[in-house]
Amino acid sequence: MASLLTDPLFEISGLGPPPDKSFYYFAVTKSDVIWRWWTISLRAVDRYSRPGELKESHQDFLDDSALQSKVRMVFGRQNLQYTKALCQGHYDYLEHLSDPLLLRIINYLELEDVGQLGRTSRRFRQLCGSEEFWEQAVRRRCNTVSAEVASLALEVGWRSIFFTSKLQLQKLISRRRLKPEEQQEEQVSDTDTKAEKSPNESSDSDQTSGSEEESHPWHYPRAKPWH
């Protein structure tokens, strides 16, 4: 499995913490640890200093407390711990998979599992809530996705499309086809119809609306996508 990982396994670069203005590069490959620095200083003694490089084996880095201290100071304790784990052979394979490949894998999960996965890390939270994920989810669960549905998704989002029933979706698309003046007439007509209802009818409608709301596909995770 380790042979499938790309090289370098980890790399990061940036300026040192103030007042240090030097530039640093740190990388862990499959066989070495690389530490490079470019001294940037107003002091005359550093004016003609050249960039430096230190290359060590994984085991040498694990024994080099001085270099570990520099890595922690410049790039933080979390990056130090992660790179030490790499040098010990503890690889995070998911971390090295591309976003498109992870999205393809996530789409095979049940929605409840996707919700749990999104709580495990910032990266998975972003992937599980991304438009790319919900678009793939819609396309996987439907035979075809019309151009009108895709256009509506640009306005309301693919997640909304996924959790909208087929009947409601057709209604939204029909409304989008109307001209602005026709949409206004339809809204006025709906308002007049509601005003003409008797109190009993309104009560019955409210009860019906409440029961529909409980079973509405927006209520995650009991939602079932339209087909």
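1. Burial and surface. In this predicted model, 29% of the 227 residues of the protein chain count as buried. The accessible surface of the chain comes to about 15,600 Å², and 51% of that surface belongs to carbon and sulfur atoms.

2. Elements and contacts. The protein chain has 12 helices and four strands. Among contacts with a separation of 6 or more, 48% are accounted for by residues 24 or more positions apart.

3. Helix α2, buried side. Helix α2 covers residues 65-75, and its buried residues are L67, Q68, V71, V74 and F75. Seen down the axis of α2, these buried residues fall within an arc of 135°, so they line one face of the helix.

4. What do the buried residues of α2 pack against? Their partners include the strands β1 (10-15), β2, β3 and β4 (52-57). The helices α1 (58-63) and α3 (77-87) are also packed against by the buried residues of α2. The face turned away from the buried side carries the exposed residues S65 and M73.

5. Helix α2, its two ends. At the start of α2, a side-chain oxygen of D64 reaches to within 3.2 Å of the backbone nitrogen of A66. Just after α2 comes G76, which takes a positive phi of about 95°.

6. T29. This residue is found in the loop between β2 (23-28) and β3 (32-38). Is T29 buried or exposed? T29 counts as buried because its relative accessibility is 13%, and the cut-off for buried is under 20%. Leaving aside neighbours within four places in sequence, T29 is in contact with D7, P8, L9, I34 and H58. A loop position can therefore count as buried, as T29 does here.

7. L15 has its place in strand β1. Its relative accessibility is 55%, so L15 counts as exposed, the cut-off for exposed being over 50%. Together with F23, W38 and I40, L15 forms a nonpolar patch on the surface. The accessible area of these residues together is about 360 Å².

Conventions:
Residues are numbered from 1 along each chain as its sequence is written. This is a predicted model: local features need pLDDT of at least 70, side-chain atom pairs count only at pLDDT 80 or more; totals for chains, interfaces and linings use all residues. Side-chain values use heavy atoms; hydrogens and water are left out. Buried means under 20% relative accessible area, exposed over 50%, partly exposed in between (1.4 Å probe, protein chains only). Contact means heavy atoms within 4.5 Å. Accessible areas come from the Shrake-Rupley method with a 1.4 Å probe; for residues, only the protein chains shown count as cover. The arc is that of the directions from the helix axis to the C-beta atoms. A polar contact is a pair of N or O atoms within 3.5 Å; within protein, one must be able to donate a hydrogen and the other to accept it, and residues adjacent in sequence count only if both atoms are side-chain atoms. Patches are made of residues with over 30% relative accessible area and no salt bridge: like charges are joined within 9 Å, nonpolar side chains (Val, Leu, Ile, Met, Phe, Trp, Tyr) within 5 Å. A salt bridge is a side-chain nitrogen of Lys or Arg within 4 Å of a carboxyl oxygen of Asp or Glu.
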